[in-house]
Amino acid sequence: VFDWPGYDIPELHQPYIRKYGASPDIALYGDDEEAYLKIKGGFQADVVHPTSYAIGRYRDQGLLKPIDTSRLSNWPDIMPEVANVQGMTTGSDRWIVPCGWGHNSVVYRHDMVEPKEQSWNLLWDERYKGKIANAVEMDGSVIPAAMVLGFDDPYAMTDAQLAECRAFLEKQRGLLRFYWPDPAALEQAIASGEVASAYAWAASASTLKAQGVPITYMQPKEGRVVWIDGFIMLKDGPGEEQRAYDYLDAWLSPETGEYMLSQYGYGHSNRKAFELVSKERLEEIGITSVTEVLGSGVFLREMDPALREKYVRMYEEVRAGF
């Protein structure tokens with residue numbers, strides 16, 4: 001399994017452990033770009049856990065095999081609003097089984113920060129120079145910058161808009177404490193007060209609140225970054241195919257969904273998972289309606305590959321200080 005940090009814990013695949021006695025081998029990556037480049041470069045895995053927008057290039061490069069959902073016992077309980085997003089299927093072939101969904105936003109220590117408004121622009125507020133953090137992932141950084149700049153379509157910036165976005169991100173670079181590659185590092189920095197505001201995944205906000213850290217997870221006026229993720233199956237995976245299917249089915253189980261909702265603050269694709277979580281918890285994390293959440297911001301979607309490469313190269317150069 002090739003996955004994000006934080007998704008390698010046994011609580012997220014207990015049915016697999018009950019069947020096989022142990023977790024599978026799990027390697028980790030920092031973002032979708034790193035995962036794709038490593039797979040393209042020959043790294044071997046049976047399943048990968050990308051954001052839904054990222055599957056097209058795997059498919060178009062001939063790296064995937066279609067997933068037979070009849071081999072997944074939990075598939076009948078998967079919500080169609082999550083399963084039928086454009087790009088997940090081609091004809092009768094399904095390329096991804098969705099597992100999680102939700103939103104990413106700005107987290108801040110409300111005992112240290114007084115935002116002028118509820119806006120992504122807090123991550124450019126010079127009052128907090130040296131106390132701001134952003135992610136290494138391009139999508140979570142470039143897209144919000146374009147949102148603050150007011151561009152009509154953050155996924156189709158012109159060269160002039162991209163140059164403006166670059167200058168904006170370069171300005172931000174001078175204000176940052178660091179770019180975080182791992183949510184655990186960000187959470188530690190916020191808890192200690194080293195960082196006062198940051199781009200963060202909802203799981204980090206949920207973790208920090210559970211620890212009693214005085215944080216607010218923002219609903220920015222520009223909207224949140226909204227996503228769906230799931231598992232794809234690589235065509236030339238080295239392991240047993242049935243184990244791969246059992247791992248996917250474990251992730252689709254209600255008990256995994258209950259953990260995601262209760263501990264991470266993420267939505268889950270299995271509708272039965274919501275029956276295992278209190279209404280109060282769902283309201284606390286803002287995951288009461290899948291259609292409401294997925295329509296509440298800018299959805300991470302597939303881009304023209306050449307344009308995406310421009311975005312990635314620009315952000316890498318900004319982070320490196322070129």
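**Close-up 1. Glu34 and Lys38 sit together in helix H2 (residues 32–40), four residues apart, or about one turn of the helix.** Helices here are DSSP runs of H or I with at least four residues, strands are E runs of at least two, and both are numbered from the N terminus. The model is a predicted one, so local features need pLDDT of at least 70 and side-chain atom pairs count only at pLDDT 80 or more, while totals for chains, interfaces and linings use all residues. Residue numbers start from 1 along each chain as its sequence is written, and side-chain values use heavy atoms, with hydrogens and water left out. The side chains of Glu34 and Lys38 meet in a salt bridge, at 3.0 Å from N to O. A salt bridge means a side-chain nitrogen of Lys or Arg within 4 Å of a carboxyl oxygen of Asp or Glu; by this rule the count comes to 22. Glu34 has a relative accessible area of 28%, which makes it partly exposed, and Lys38 is partly exposed too, at 38%. (Buried is under 20% relative accessible area, exposed is over 50%, and partly exposed is in between, using a 1.4 Å probe and protein chains only.)

**Close-up 2. Arg271 forms a salt bridge with Asp77, with the closest N and O atoms 3.6 Å apart.** Arg271 is in the loop between strand S12 (267–268) and helix H11 (279–285), and Asp77 is in the loop between helix H3 (55–60) and helix H4 (80–83), so the pair ties together parts 194 residues apart in sequence. Asp77 is buried, at 12% relative accessible area, whereas Arg271 is partly exposed at 42%.

**Close-up 3. Lys272 also forms a salt bridge with Asp77, this time with the closest N and O atoms 3.5 Å apart.** Lys272 lies in the loop between S12 and H11, and Asp77 in the one between H3 and H4, so this pair ties together parts that are 195 residues apart in sequence. Lys272 counts as partly exposed, with a relative accessible area of 38%.

**Close-up 4. Arg109, in strand S6 (residues 97–109), is buried at 10% relative accessibility.** A polar atom of the Arg109 side chain lies 2.7 Å from the backbone oxygen of Ile190. Leaving aside residues up to four places away in sequence, Arg109 touches Ile190, Ala191, Ser192, Gly193, Val195, Ala196, Val213, Pro214 and Ile215; touching, or contact, means heavy atoms within 4.5 Å.

Note on methods
Polar contact = N/O pair within 3.5 Å; in protein donor to acceptor, adjacent residues only side chain to side chain.
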